[in-house]
Amino acid sequence: MKKLFAGLMMFTLIFGVSFAESAFAGSDEVKLIDSDISVIYKPGYVGFSGNIEVANLGPVKTVTVHYTTDNTTWYDASAYYVGPTDASHEKWHFSISTNGSTADHSELKNLKFIKFAIKYEVNNQTYWDNNGSENYYNEVNNSYPLTSIILGKPNVLNADSNLNNGTFSGNIYVKNLNPAKTVKIVYTTDNWATIHEGYATYVGRLNNLNSVEGWKYSFDVPGAWNVKYAISYTTGGQTYRDNNYGHNYEVH
């Protein structure tokens, strides 16, 4: 029993926070959507940002990212409310950075890696998403692009899209669950009166862990001024979808 108690105390010290009156998210109280670290903008700039989904359990809540860059000192970054994702969930965003010349977030200077977990406080209860007790981990890419993406809850995630001069194009984040995979875009230019399908192509890995891949697509849509679309990802006999929480995506 003494050994067990000592082990629990050491775990608390290493993580840098007490878990009294806390619960680890086993369902959907709080989950990471995506996170990235970036050093691409200018010399000395490092950014750490991402998105989180929480269950709307009460009107007053706080969402905090608890992180370390050296396995010793832990810091907190506050997330802010973005909007509802569905009738019972919300999206929150966090973003911190340093430009290399100020004291702001100096822990990000010369960044090699970040480990983090997410804390959600609501109704006098604290929920954690610590990636199944392993914490989330990301590190600076060792080759171009110097933006490293990890995914939490979703297996496929819309990254961005563009509609310009009759071309509908965009990028997708995909968890590398199996070597063989298909990424498809279902889209319409006339509010689903007619439906089109097209396939994305592999671009490359988006982190050193090879856990997330970038895929891209480009389709001719002459005369279109509005495109609505959703994404599907099939691998290992399973199909995963990102349809913007049932609302589909839209680009003008």
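Residues are numbered from 1 along each chain as its sequence is written, and side-chain values use heavy atoms, with hydrogens and water left out. Because the model is predicted, local features need pLDDT of at least 70 and side-chain atom pairs count only at pLDDT 80 or more, while totals for chains, interfaces and linings use all residues.

The protein has one helix and 20 strands. These elements are DSSP runs numbered from the N terminus (helices H or I, at least four residues; strands E, at least two). Of the 252 residues, 45% count as buried. Buried means under 20% relative accessible area, exposed means over 50%, and partly exposed lies in between (1.4 Å probe, protein chains only). Among contacts (heavy atoms within 4.5 Å) with a separation of 6 or more, 62% join residues 24 or more positions apart.

In soluble globular proteins, nonpolar side chains tend to be buried together. A nonpolar core is a set of buried Ala, Val, Leu, Ile, Met, Phe, Trp, Tyr and Cys residues joined through side-chain atoms within 4.5 Å. The largest such core holds 25 residues, of which F48, I52, V63, I114 and F116 touch the most other members. Two or more residues come from each of β2, β3, β4 (61–68), β7 and β8 (113–122). Strand β8 gives the most, with five residues. Beyond four places in sequence, V63 touches I52, V54, A77, S78, A79, W92, I118, K119 and Y120. Another core lies apart from the largest one.

The largest pocket contains about 600 Å³ of space. Its lining comprises 26 residues, and I33, P154, L157, D242 and Y249 are the closest to the pocket centre. A pocket is an open set of points on a 1 Å grid over the protein atoms alone, where a 1.4 Å probe fits, with protein on both sides within 12 Å along at least five of seven lines; lining residues have an atom within 4 Å of a point. Grid points are joined across faces, edges and corners, and the volume is the space filled by probe spheres set on the points. At least two lining residues come from each of β2 (30–38), β3 (46–55), β7 (89–98), β11 (147–151), β12 (156–164) and β19 (238–242). The lining divides into 10 nonpolar, nine polar and seven charged residues.

D129 lies in strand β9 (residues 125–129). Its relative accessibility is 2%, so D129 counts as buried. The D129 side chain makes a polar contact of 2.8 Å with the side chain of Y136. Such a contact is a pair of N or O atoms within 3.5 Å; within protein, one must be able to donate a hydrogen and the other to accept it, and residues adjacent in sequence count only if both atoms are side-chain atoms. A polar atom of the D129 side chain also lies 3.1 Å from the backbone nitrogen of N131.

V212 belongs to strand β17 (residues 212–220). V212 is buried because its relative accessibility is 1%. V212 and L151 are 61 residues apart in sequence, yet their C-alpha atoms are 7.1 Å apart.

Most residues other than glycine have a negative phi. N210, not a glycine, has a positive phi of about 55°. N210 sits in the loop between β16 (201–205) and β17. Y245 also has a positive phi, near 60°. Y245 is in the loop between β19 and β20 (249–251).

Terms used:
Nonpolar A, V, L, I, M, F, W, Y, C, P; charged D, E, K, R; others polar.
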